[in-house]
Amino acid sequence: MKKISAVLGALAAAAVMFTGCQKQDLIVGFVQAGHESAWRIANTESFEQAFGKDSGYILDMHDCNGSRDLQIEVIRKLLDDGVDYLVIAPVVEDGWDEVLHEAKEADVPVILCDRQISADSNLYECWVGSYFVGEGRNAVNWLENYLKEIEWKKERTFIVHLQGTKGSSAQKGRTQGLEEGLRNHPEWKLLGFDNGNFSESGGYIAMKKIIASIGIDMIDVVYAENDDMAIGAVEAIREAGKEPGKDVIIISFDAGKRALELVKQGVINCDVECNPMHGPLVKNIIDQKEKGIDPEKIMNVKESLYDITNVDEVLETRTY
């Protein structure tokens, strides 16, 4: 009996030791840019799902409402709290060096997602997101082919440009794509541009201002740098008495479900996908880091382009 009691006691002690030595869930601080669009909300949800219950991680997520200064403040608080990893979706590209040096000194790995930054690449582990210049080039290539397909007769093609948050990677890359297209096509003319800050109301207001300034009859194409601004522009064009998708060609980016439904209806002519599902990829990177495996420095998500010819392939299964 004494021998059995001794064995049971040893097993109990071992169980206590094992429990005490079990690794606690790692804390991942996620510094989100904001909630300005359906894309951004889907991006946040992808992290909440990937780092949810039983993932082995605790997600400490902060919505910074489009403020880089608030993001920096939050990062410093997370470093003080002792997070294990930092994931940052930067609002703009500039102004990150100092706080990233602080993360480096604290030995907290930093992963960037969505938008890029201009800081020294040694200050972060890797970046996950879209090739924004490539998205712009894909949109321009689609417009070239579409004008040929419909046998466009006008000598000049007048384009209105609705830009996203100034200084963000998405804005800069998609703008570069259009600017390259304008240089390669002297028959294309930029008629006007304004900033809609990636929001539906911003796109509506910007489009209304442009229409009031130059009139609706001159506008052939609207190049809106995300779905929300494109949807706002559609409303403004309708109010001006024109039919978007027919009287005015609409090009958009993101390819969220709401906009893809408008592609199917012929209201938006082209939507270049920007994949927001970064959460699982970031989780996999952290999983690998925990095993001592360093990630690739740049990791692009897979993306496509949709118009009336192929939108049915994705519309029914789109979750955002």
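Q: How do you know that strand S1 and strand S3 count as paired?
A: In this predicted model, S1 (residues 26–32) and S3 (residues 85–88) share 4 bridges in the parallel sense. Two strands pair if there are at least two bridges between them, so S1 and S3 qualify. For a spot to look at, find Val-31, which sits opposite Ile-88 in S3.

Q: What makes strand S2 and strand S11 the edge strands?
A: The open sheet has 6 strands in the order S2-S1-S3-S4-S5-S11, with parallel pairing. S2 (57–63) and S11 (298–300) each pair on one side only. On average, neighbouring strands here are turned by 20 degrees against each other, ignoring direction.

Q: Which way does helix H2 run compared with S1?
A: H2 (residues 38–50) runs at about 180 degrees to S1.

Q: Why is strand S10 said to be covered on both faces?
A: Cys-270 and Val-272 on one side are buried, and so are Asp-271 and Glu-273 on the other. Buried means under 20% relative accessible area, so each of these four residues falls below that cut-off.

Q: What are the pairing partners of S10?
A: Strand S9 (residues 249–254) pairs with S10 in the parallel sense over 4 bridges, and Asp-254 has Glu-273 as its bridge partner. From S9 the chain goes through helix H9 (residues 257–264) to S10, a right-handed β-α-β crossover. Strand S12 (residues 305–306) pairs with S10 in the antiparallel sense over 2 bridges. Since at least two are needed, S10 and S12 still count as a pair. There, Val-272 stands opposite Leu-305.

Q: What makes Leu-86 stand out in the largest nonpolar core?
A: That core has 59 residues, and Leu-86 is one of those touching the most other members, along with residues including Trp-96 and Met-207. Not counting residues up to four places away in sequence, Leu-86 touches Gly-29, Val-31 and Ile-75, among others. Helix H8 (residues 227–239) supplies the largest share of the core, 7 residues. Another core, of 19 residues, lies apart from it and includes Val-87 and Met-299.

Technical notes
Residues are numbered from 1 along each chain as its sequence is written. This is a predicted model: local features need pLDDT of at least 70, side-chain atom pairs count only at pLDDT 80 or more; totals for chains, interfaces and linings use all residues. Side-chain values use heavy atoms; hydrogens and water are left out. Axes are lines fitted to C-alpha atoms, for helices over the stretch in contact, and angles run from 0 to 180 degrees between N-to-C directions. Contact means heavy atoms within 4.5 Å. Buried means under 20% relative accessible area, exposed over 50%, partly exposed in between (1.4 Å probe, protein chains only). A crossover is right-handed if, with the strands pointing away from the viewer, the path from the first strand over the helix to the second runs clockwise. A nonpolar core is a set of buried Ala, Val, Leu, Ile, Met, Phe, Trp, Tyr and Cys residues joined through side-chain atoms within 4.5 Å.
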